[in-house]
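Thank you all for coming; I would like to walk you through one protein this morning, going from the overall picture down to single residues. Please have the sequence and the model open as I talk.

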Amino acid sequence: MKIELFLTPLAFGKADLEGKSVVIIDVLRSSTTICAALTSGARGVIPTPGQSEAVEMWNRIGNDMAVLAGERSGRKIENFMLGNSPAEFTEEAVGGKQVVLTTTNGTAIFSQTSSAETVIACGLVNMSRVTAKCAELGHDLVIVCAGTEGGFSIEDTLCGGMLISGLASQFKISESLNDAASLAQLLYRSNKTALRQTIEQGEHGRYLASIGFSHDVAGASEVDSLPVLPMMKDGRLVPDGQFAPV
Ligand code: MLT
């Protein structure tokens, strides 16, 4: 299995995705939010790049069938129903509904992956499910870290490193990693006993805490706490094996 990791979506733009599995990582917070929404019974999560696309999609599905959610600068977008805090995505808020989600860095990446064989949303909260699925598929793997505002982020790289380490115990991958994947694995190995602290000390972790979301940072650091496998099917993320029509 060949594994390429991209530290930011900018670097990933020209990657060849034909026949590959793509794993998109945004630990803080869109991957975690997607897992929370599906765990709470949302029928699917539709990741959209911009606010206007999100509103258009929400209107197209029907306002009573879908929840419009998203953030800019970490805060709920004005007139949207929910922000991007996983804690908001309760059964009461999203159960039985589609969620249309737009976030600053995470959700736009999904629209660049149409040529991939499989697309999966990954956080620390669903790590074992993602690792098992990538191993089962056995395809070459492209890991895209959402980062922050075009830059590198420690929590996404750490999460990518954990996925690579999990696969390394089952596949011979040491000679087929790009340098960013090796870096991510090294970062994970040297911080694996202090995931939460490392994430809390990161730039986006500190920023979220400063605007009142320290509970999200703690929750997003909990490995396997939301064991769902969100996979792209017809433009929506749905739990693996499930396809509910809109
Ligand atoms: C993003 O996509 O930029 C993040 O999920 C931002 C956030 O923490 O809400």
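This is a predicted model: local features need pLDDT of at least 70, side-chain atom pairs count only at pLDDT 80 or more; totals for chains, interfaces and linings use all residues.

Let me begin with a term: a residue is called buried when its relative accessible area is under 20%, exposed when that area is over 50%, and partly exposed in between, using a 1.4 Å probe and protein chains only. By that rule Asn84 counts as buried, because its relative accessibility is 4%.

Residues are numbered from 1 along each chain as its sequence is written, and side-chain values use heavy atoms, with hydrogens and water left out.

Now the overall picture. The protein has 10 helices and 10 strands, where helices (H or I, at least four residues) and strands (E, at least two) are DSSP runs numbered from the N terminus. Its radius of gyration, taken over C-alpha atoms, is 17 Å, which agrees with the value near 18 Å that a compact globule of 246 residues would have; the globule rule here is 2.2 Å times the number of residues to the power 0.38. Along the principal axes, the C-alpha atoms fill a box of roughly 50 × 40 × 30 Å, and 56% of the 246 residues are buried. If we take contacts, meaning heavy atoms within 4.5 Å, between residues at least 6 apart in sequence, 77% of them join residues at least 24 apart.

Let me return to Asn84, which sits in the loop between strand 5 (75–76) and helix 4 (91–94). Which residues does Asn84 touch, not counting those up to four places away in sequence? They are Arg29, Ser30, Thr33, Gly70, Glu71, Phe89, Leu101 and Thr103.

Two of those residues, Ser30 and Thr33, are also among the buried residues of helix 2. Helix 2 covers residues 30–39 and is mostly covered, with nine of its 10 residues buried, and just after this helix Gly41 takes a positive phi of about 95°.

Next, strand 7 (residues 118–122), where five of five residues are buried. Thr118, Ile120 and Cys122 point one way from this strand, whereas Val119 and Ala121 point the other way. Strand 7 runs parallel to strand 2 (residues 21–25), and five bridges join them; two strands pair if DSSP finds at least two bridges between them. Within this pair, Ile25 stands opposite Cys122.

What covers the buried residues of helix 5? The cover includes strand 2 and strand 7, together with strand 8 (141–145), helix 6 (154–168) and strand 9. Helix 5 itself spans residues 127–137, and its buried residues include Met127, Val130 and Cys134, while Gly138, just after the helix, has a positive phi of about 70°.

Lys233 has Arg236 of strand 10 as its bridge partner. From strand 10 (residues 236–239), Arg236 and Val238 point one way and Leu237 and Pro239 the other, and all are buried.
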